[in-house]
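The following explanation leads the reader through a structure, part by part. Please keep the sequence and the model in view while reading.

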Amino acid sequence: MAGSGSFEEFYSGAVGRLLGQLFPVTGDLHEAEEVVQEAFARASVRWPRLRDYDVPEAWVRRVAMNLAADRARSLRRQARAILRLSPPPEVPAVSVEALALAEALRTLPVRQRQAVVLHYLADLPVEEVARTLAVPDGTVKSLLSRGRRALAARLGEPEEVLDRR
Amino acid sequence: MSDLRERLRELAEAAAQQGHTPGAAAALRRGRRRRLRLAGGTAALLALVLFAGLLGADRLTGRQALLAPPSTTGPSAVTTSPSPPEVSFLPDAGEVQRPVGSPAGAVGEQMVRDVTTELARCQGGDPAEPAVLVAWGKGHGRVWLIAARPPRPGEDRLCWNNGLFEASGAGAVGGHGAEPLTPLRASGSSNLRSGTEYWGHVVGPVTKRAARVRVLFDTGIPPLDLVPIQAGDRFPVNFYGGFYRQPAKDKRPLTWQVVRVIAYDPAGHKVAECQAAPGPGHSC
């Protein structure tokens with residue numbers, strides 16, 4: 001990927017994967033589309049430099065994750081009046097188990113969601129998750145542990161079942 | 001029982017397959033717009049610094065002139081400081097047209113900005129057209145607003161938002177993304193306390209064929225009839241909105257009392273209908 005590809009090739013190769021990784025973080029397909037597209041827009045401006053990166057996708061993912069966290073915080077502020085105006089989040093058609101997981105993920109703090117997704121879905125080691133989220137390794141371990149525990153409780157399943165390899 | 005990885009993968013694959021992104025060309029355009037905005041902001045800042053610098057230099061020159069002995073030669077050529085370059089820098093909300101006016105004061109202005117800023121995020125609508133505050137109203141200590149962006153010719157989606165605010169400006173904005181264009185939609189909220197009473201609110205777009213919108217509720221609330229608000233030729237739909245009185249606070253905090261919304265044409269024929277999904281959620 002590095003060095004020679006066009007932005008269009010990079011986009012078409014990575015957009016689906018990033019959308020898949022951002023959806024469990026935002027909990028809303030439209031939100032995920034929005035943050036991924038914004039991250040790609042920012043990448044397009046820096047493409048002459050980004051194309052030389054080993055993994056330009058990691059840069060876009062980090063930006064998208066930051067945008068998702070910013071938006072989650074902003075939405076929390078907007079919700080101060082405790083009014084429910086928006087329609088329910090847009091969720092793709094999936095199995096009941098996956099849907100339950102999507103709903104359980106929405107109850108986690110956004111940092112925990114990000115850590116869980118980066119580690120279990122993007123298959124990043126703890127060190128890489130820490131670099132992406134700009135937090136110490138220990139914080140990632142703690143986020144993963146608390147996230148797993150909370151998910152297990154929400155789903156009514158033992159933690160070991162969720163963490164099976 | 002599948003594990004966390006498998007379930008996450010299923011979610012991710014479904015999102016990747018069913019998600020819609022506007023493509024690389026749109027990302028490039030958006031990137032260019034962003035760069036222009038940033039450049040505009042930087043230029044404005046530079047202009048300000050330059051202007052302040054010149055102003056400072058002028059003042060200094062003026063002070064030196066007072067200290068210097070009077071010139072014995074004729075007046076020197078007058079130089080004028082260059083005016084700062086004109087910078088066109090639109091805030092994210094962009095221009096907002098207000099054919100129906102808008103809530104008064106700084107708080108009202110902030111409400112309009114909240115609704116239209118959220119609208120600016122919607123991926124749809126005609127980029128050449130400004131956002132429009134199509135309707136707003138007051139009631140029970142609150143202000144509600146509807147803003148929308150005219151769609152592109154032939155576009156089958158609609159970018160619209162509604163906001164509901166307390167007099168202080170605290171409130172929330174319902175962003176509806178680029179929703180597929182349908183003859184009738186409804187959104188809203190409930191359990192809005194006003195003194196000892198509780199109210200609900202319903203709002204949405206409706207086909208231009210409709211002359212009346214009837215909202216039906218559960219829990220014994222009588223039907224509510226609303227007259228659509230004309231949104232003008234640039235919109236393929238009109239909008240409606242209003243409050244209804246709840247007999248008491250609804251103990252089901254996430255459940256909306258609206259069960260069905262029906263639109264009728266001037267002759268009283270049903271032209272559209274939507275059914276609110278049972279359970280949590282405030283939309284149909």
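**Chain B and its contacts**

Among the contacts in chain B that link residues at least 6 apart in sequence, 61% join residues at least 24 apart; two residues are in contact if their C-beta atoms, placed from the backbone, lie within 7 Å. This is a predicted model, in which local features need pLDDT of at least 70 and side-chain atom pairs count only at pLDDT 80 or more, while totals for chains, interfaces and linings use all residues. Residues are numbered from 1 along each chain as its sequence is written, and chains are lettered from A and ligands numbered from 1 in the order in which they are written.

Chain B contains three helices and twelve strands. Helices (H or I, at least four residues) and strands (E, at least two) are DSSP runs, numbered from the N terminus. Of the 284 residues in chain B, 33% are buried; a residue is buried if 20 or more other C-beta atoms lie within 10 Å of its own, exposed if 12 or fewer, and partly exposed in between.

One part of chain B is an open sheet of four strands in the order 9-8-11-12, with antiparallel pairing. Two strands pair if DSSP finds at least two bridges between them. Strand 9 (224-226) and strand 12 (270-275) of chain B each have a single partner strand and stand at the edges, so one side of each is left without a neighbour in the sheet. Within the sheet, strand 8 (residues 212-217) and strand 11 (residues 258-264) of chain B run antiparallel and are joined by six bridges. B:Val215 has B:Val261 in strand 11 of chain B as its bridge partner.

The two chains meet where 47 residues of chain B are in contact with 50 residues of chain A. Helix 1 of chain B gives the most to the side of chain B that touches chain A, with 13 residues.

The largest nonpolar core has 49 residues, and A:Leu22, A:Phe40 and B:Leu11 are among those with the most contacts inside it. A nonpolar core is a set of buried Ala, Val, Leu, Ile, Met, Phe, Trp, Tyr and Cys residues joined through C-beta atoms within 7 Å. Helix 1 of chain A gives the most to this core, with nine residues. Domain 1 (1-91) and domain 2 (93-165) of chain A both give residues to this core, so it lies between them; the domain bounds come from an automatic or database domain assignment.
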